[in-house]
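Subject: Structure handover

Hello,

Here is the structure I said I would pass on. Please open it beside this email and follow along.

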Amino acid sequence: SEIYRAGISGAKPRVPVDLAGLERAARRALSAEAFAYIAGGAGAERTMVANRAAFEHWQVWPRPLRDVSTRDLSIDFLGRRRPTPLLLAPLGVMEMAHADADLAVARAAASLGIPYTLSNQASFPMEEVRDAAPDAPRLFQLYWSASDELNASLLRRAEASGCEAIVVTLDTHLLGWRTRDLDLAYLPFTRGLGIAQYTSDPVFQQLVRERAGGPKDAGPGDRVRLTPKTVAAGVSIARKGAALTGEGLRASMRSPLPRAAVETFLDVFSTPALTWGDLAKARDWTRLPIILKGIVHPDDASRALDAGVDGVWVSNHGGRQIDRSVPTLDALPDVVARVGGRVPVVFDSGVRGGADAVIALALGATAVAIGRPYAYGLAIAGEEGVREVVRNVVAELDITLGLSGRTAIAELGPDSLRRI
Ligand code: FNR
């Protein structure tokens, strides 16, 4: 009602409520490269389209005359009561959307009490994000590195900086075939963007020093010594560089970061050799709950339970990894059935509003995460923009729940929907 009252007073919202308008405004606020990176998907973007299309098979089945004057959106998640069933999905490289990047997202999350997932590819070290928003409920997302020492170090830091759980992303052991980025010759990491978690890490810094010291790897860029100061300078130059227009891959390789740092990053980023057997190591590295992100097949949900994980996150990375992959909403019911309520099931990829969230929750998701929409809010109006986008999703969720004749998230179930 607050949002409606503001509208009726004649004040147009700074961040468009309408989805297409939101995307248009974000496009205007972003460089061509940044918009392509955020909005794009893998290949011909068929998975991205299918994620949205999957919602067309489900309709909310309203039941009036049930007194819905008070409604409760709260859920239990990871041992705590949360005000809404929404989470913010991990988004890397948000400095391309706004200079405050993760700091703005964490502050918005703190003000709403909505858990935020800090990306392995965030633009600020996790300690700085914690200091900017100590009250933000947050999880840390890990891309499993080829270096176990680095994994252990990142998880130690996540635990020390107050993250409530570790989200291990399983669908990015190779970077997807991102056609828009390829055509613009844009790979943000080689420009030094989105690698703050590494450059601030003592294990990573040691790996870079070893590489730069090796005779084979000597080169002009390597003469820059990697110290916190040179890294900070490199990252700030790289941030400005985010607005460059496409000059080809060679230009993006002229990174202001020491060459050894970029090369080390390429060596240790998300290993394709990871197997189920390796996962157990995470238990030695952290006491935090572990959630697996990127589970789409019900057999993998079973394996995740066998491996003793604390949560399953159904995701196809917003259609950014495989073209022609299974849309997550189609995968959700089988995963939910397999999990059988033993651990929470988070859902993402294609959620664009509260009605979408209602459908995923009715199909058994414990919580629903959004990605691109809040990146658009960030691009348009920083922290305030993220807050606006999330508040709009929550408001539509609340209204849809009430109009459907339900007063609590737990009342949503298969009988709330009709399949077409
Ligand atoms: C992502 N995603 C992602 N996932 C992850 O585990 N670690 C990451 O660093 C990133 N980075 C990232 C950047 C950008 C620009 C996008 C759009 C996405 C995937 C993200 O967590 C989530 O799964 C999807 O964004 C969900 O789909 P929607 O809501 O964007 O459709």
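Which domains does the domain assignment of the chain give? The assignment gives domain 1 (2-179 + 277-419) and domain 2 (196-268). Please keep in mind that this is a predicted model.

Overall picture

The chain has 420 residues, and 51% of them are buried. Its secondary structure consists of 19 helices and twelve strands. If you take the contacts with a separation of 6 or more, 75% of them join residues 24 or more positions apart.

Confidence

The average pLDDT of the chain is 90, and 89% of the residues score at least 70. Among the elements, strand 10 (residues 345-347) has the highest mean pLDDT, 99, while helix 12 (residues 249-253) has the lowest, 38. Two stretches need care. The pLDDT is below 50 over residues 215-226, a stretch with 21 contacts in the model beyond near neighbours in sequence. It is also below 50 over residues 233-255, where the corresponding number of contacts is 39. Where pLDDT is low, the predicted coordinates should not be read in detail. For the complex, the predictor gives an ipTM of 1.00 and a pTM of 0.92.

Where the domains meet

In the contact between the domains, 20 residues of domain 1 touch 15 residues of domain 2. On the domain 1 side, helix 3 and helix 7 (148-160) each supply at least two residues. Helix 7 gives the most to this side, with four residues. By class, the domain 1 side has eleven nonpolar, six polar and three charged residues.

The nonpolar core

The largest nonpolar core has 124 residues, of which V105, V312, V314 and A360 touch the most other members. Helix 19 provides the largest share of this core, 14 residues. Why does the core lie between the two domains? Domain 1 and domain 2 both give residues to it, so it lies between them. In soluble globular proteins, nonpolar side chains tend to be buried together. To see one member in place, select V105: beyond residues up to four places away in sequence, V105 touches L88, M94, Y116, Y374, L378 and V386.

Around the ligand

The shell around the ligand has 24 residues, and A89, G92, T169, G318 and G371 come nearest. Sorted by class, the shell holds twelve polar, eight nonpolar and four charged residues. Helix 3 (32-39) and helix 19 (372-403) each supply at least two residues of it.

Is G371 buried or exposed? G371 has 20 other C-beta atoms within 10 Å, so it counts as buried. G371 sits in the loop between strand 11 (367-370) and helix 19. Setting aside neighbours within four places in sequence, the contacts of G371 are A89, L91, G318 and D348. With L91, the C-alpha to C-alpha distance is 6.7 Å, although G371 and L91 are 280 residues apart in sequence.

Helix 3 is worth a look as well. Six of its eight residues are buried, and the helix is mostly covered. These buried residues of helix 3 are E33, A34, F35, A36, Y37 and I38. They pack against helix 2 (19-29), helix 8 (179-183) and helix 19.

Regards

How values were computed. Residues numbered from 1 in each chain as written. Predicted model: local features only at pLDDT ≥ 70, side-chain atom pairs only at ≥ 80, totals over all residues. Near = placed C-beta within 6 Å. Nonpolar A, V, L, I, M, F, W, Y, C, P; charged D, E, K, R; others polar. Buried ≥ 20, exposed ≤ 12 C-beta atoms within 10 Å, placed from the backbone. Contact = placed C-beta atoms within 7 Å. pLDDT = per-residue confidence, 0-100. Core = buried A, V, L, I, M, F, W, Y, C linked by C-beta atoms within 7 Å. Domains from an automatic or database assignment.
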